[in-house]
Amino acid sequence: MSSIGNVAGARRGTSWIPYAALLVLFWGVWGAFSSQPTERYGYPDEMVYIVWAFTMLIPAYFSMRGRTFDRRGVAMKYGLLVGLTGAGGQLLLFKALTMGPAYIIFPIIALSPAITVVMAMLILRERINKLTALGVAMALVAIVAFSISSGDSDLTAGPYLLLAVLICVAWGVQAYFMRKAATVGVNDATTFAWMTISGLALVPVALIMMGGLPGGFPWQAPALTAATQVLNAAGALFLVMAFSRGKASIVAPVTNALAPVLTIILSLIIYRTLPSMFQTIGIVLALAGSTVMVYADEKRGEELAAGAVTDGDKAAQPADGRSEAR
């Protein structure tokens with residue numbers, strides 16, 4: 001079997017669920033503490049991006065241990081598409097937040113998994129049953145609910161709306177290309193390495209956006225940023241690993257819906273912050289929708305396994321249908 005066949009075979013034998021669970025754990029904790037550097041020390045968002053880009057080197061190092069870097073052109077193409085859409089979207093988000101309200105921008109961005117689902121079904125020909133479709137719909141509604149907050153509805157539209165749409169498309173496309181890279185046999189470590197390279201390549205853009213490297217911040221600001229962003233970086237690695245083993249039409253809604261649930265629970269415990277009505281609705285829908293999707297996917301896996309065993313038994317029988325003497 002070719003090396004690509006070995007990669008694909010290994011992925012088929014590994015469930016995406018453990019990696020999605022690790023992603024939810026790391027991104028859920030990161031979400032609860034990610035705002036601390038800015039709230040405590042006024043650390044610029046662009047500096048947060050720069051620190052994040054360098055923390056990506058840590059999981060990239062561990063992911064490449066014992067793995068072969070795929071030097072094929074197709075690996076570079078999809079790796080750069082994944083990396084640049086993700087990192088570029090992050091930089092656009094910083095710009096959008098300086099121009100418009102977060103309570104309008106984030107609900108738009110939250111629709112990115114819907115783009116991933118549509119692309120996966122139309123281009124990758126992924127098929128989901130009715131039960132899974134119900135779970136996907138519940139998860140997508142939950143994601144939007146998490147992003148809704150009260151605000152001044154009289155604000156006029158502006159360029160930030162276009163930026164929000166571009167970010168939504170970029171992150172939806174990024175998740176699709178993560179799955180696409182796996183389908184052509186690119187290993188997780190290579191895809192994540194290109195993501196790291198792409199993030200670092202856009203560091204000069206972040207510096208330009210700030211007008212240079214800022215000073216006057218205590219050492220605690222970059223240290224706290226690094227501590228939180230390494231969770232973000234590790235979560236990104238687990239995201240790549242989950243997409244390489246599961247359908248994009250399932251992985252994207254599940255991971256994007258469950259991570260905020262953990263963030264809200266931790267915020268409730270640490271900051272004594274009660275969830276809003278929309279967040280409460282989001283928690284219920286996220287848990288219910290994700291449970292439905294995981295159950296449907298596991299049930300489908302069991303049916304496929306049972307079918308494979310049945311086919312194997314039939315193949316082992318003689319042509320006349322009688323069992324061989326033992």
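This is a predicted model: local features need pLDDT of at least 70, side-chain atom pairs count only at pLDDT 80 or more; totals for chains, interfaces and linings use all residues.
1. Overall make-up. The chain has 15 helices and zero strands. Of its 326 residues, 44% are buried. Among contacts with a separation of 6 or more, 92% join residues 24 or more positions apart.

2. The main core. The largest nonpolar core holds 66 residues, and those that touch the most other members are Tyr-49, Trp-52, Phe-146, Met-178, Phe-192, Met-195 and Phe-243. Helix H13 (residues 220–243) gives this core its largest share, 10 residues. Apart from this core lies another, made of eight residues, including Ala-96, Tyr-160, Leu-163 and Ala-164.

3. Two residues to look at. Trp-52 is one of the core members with the most contacts to other members. Leaving out residues up to four places away in sequence, Trp-52 touches Ala-87, Gly-199, Gln-229, Asn-232 and Ala-233. Thr-55 is found in helix H4, which covers residues 45–55. Is Thr-55 buried or exposed? Its relative accessible area is 7%, and buried means under 20%, so Thr-55 is buried. With the sequence neighbours up to four places away again left out, Thr-55 touches Ala-226, Gln-229, Val-230 and Ala-233.

4. Helix H5. This helix spans residues 57–64, and its buried residues are Pro-59, Ala-60 and Ser-63. Viewed down the axis of H5, the buried residues fall within an arc of 105°, so they line one face of the helix. The exposed residues Tyr-61 and Phe-62 sit on the face turned away from the buried side of H5. The cover over the buried residues of H5 includes H4, helix H11 (188–201) and H13. Just after H5, Gly-66 takes a positive phi of about 75°.

5. Helix H7. In H7 (residues 102–109) the buried residues are Tyr-103, Ile-105, Pro-107 and Ile-109. Which helices do the buried residues of H7 pack against? They pack against helix H6 (73–97), helix H8 (112–122), helix H9 (130–147) and helix H10 (159–183).

6. H6 against H10. The axes of these two helices come within 8 Å and cross at roughly 155°. Angles over 145 degrees count as roughly antiparallel, so H6 is roughly antiparallel to H10. Their crossing is left-handed. On the H6 side, the residues in contact include Tyr-78, Leu-81, Val-82, Gly-86, Gly-89 and Ala-96. On the H10 side they include Tyr-160, Leu-163, Trp-171, Phe-177 and Met-178. Some of these names have come up already: Met-178 is listed in the largest nonpolar core, while Ala-96, Tyr-160 and Leu-163 belong to the core of eight residues.

7. H6 against H7. Here the axes are 10 Å apart, and the helices pack at an angle of about 155°. H6 and H7 are therefore roughly antiparallel to each other. H6 passes H7 in a right-handed crossing, whereas the crossing of H6 and H10 is left-handed. The contact is made by Leu-93, Ala-96 and Leu-97 of H6. From H7 it takes in Ala-102, Ile-105, Phe-106 and Ile-109. Two of these H7 residues, Ile-105 and Ile-109, are among the buried residues of that helix.

How values were computed:
Residues are numbered from 1 along each chain as its sequence is written. Side-chain values use heavy atoms; hydrogens and water are left out. A nonpolar core is a set of buried Ala, Val, Leu, Ile, Met, Phe, Trp, Tyr and Cys residues joined through side-chain atoms within 4.5 Å. Buried means under 20% relative accessible area, exposed over 50%, partly exposed in between (1.4 Å probe, protein chains only). Helices (H or I, at least four residues) and strands (E, at least two) are DSSP runs, numbered from the N terminus. Contact means heavy atoms within 4.5 Å. The arc is that of the directions from the helix axis to the C-beta atoms. Axes are lines fitted to C-alpha atoms, for helices over the stretch in contact, and angles run from 0 to 180 degrees between N-to-C directions. Angles under 35 degrees count as roughly parallel, over 145 as roughly antiparallel, 65 to 115 as roughly perpendicular and the rest as oblique. A crossing is left-handed if the near helix is turned anticlockwise from the far one by less than a right angle, and right-handed if clockwise.
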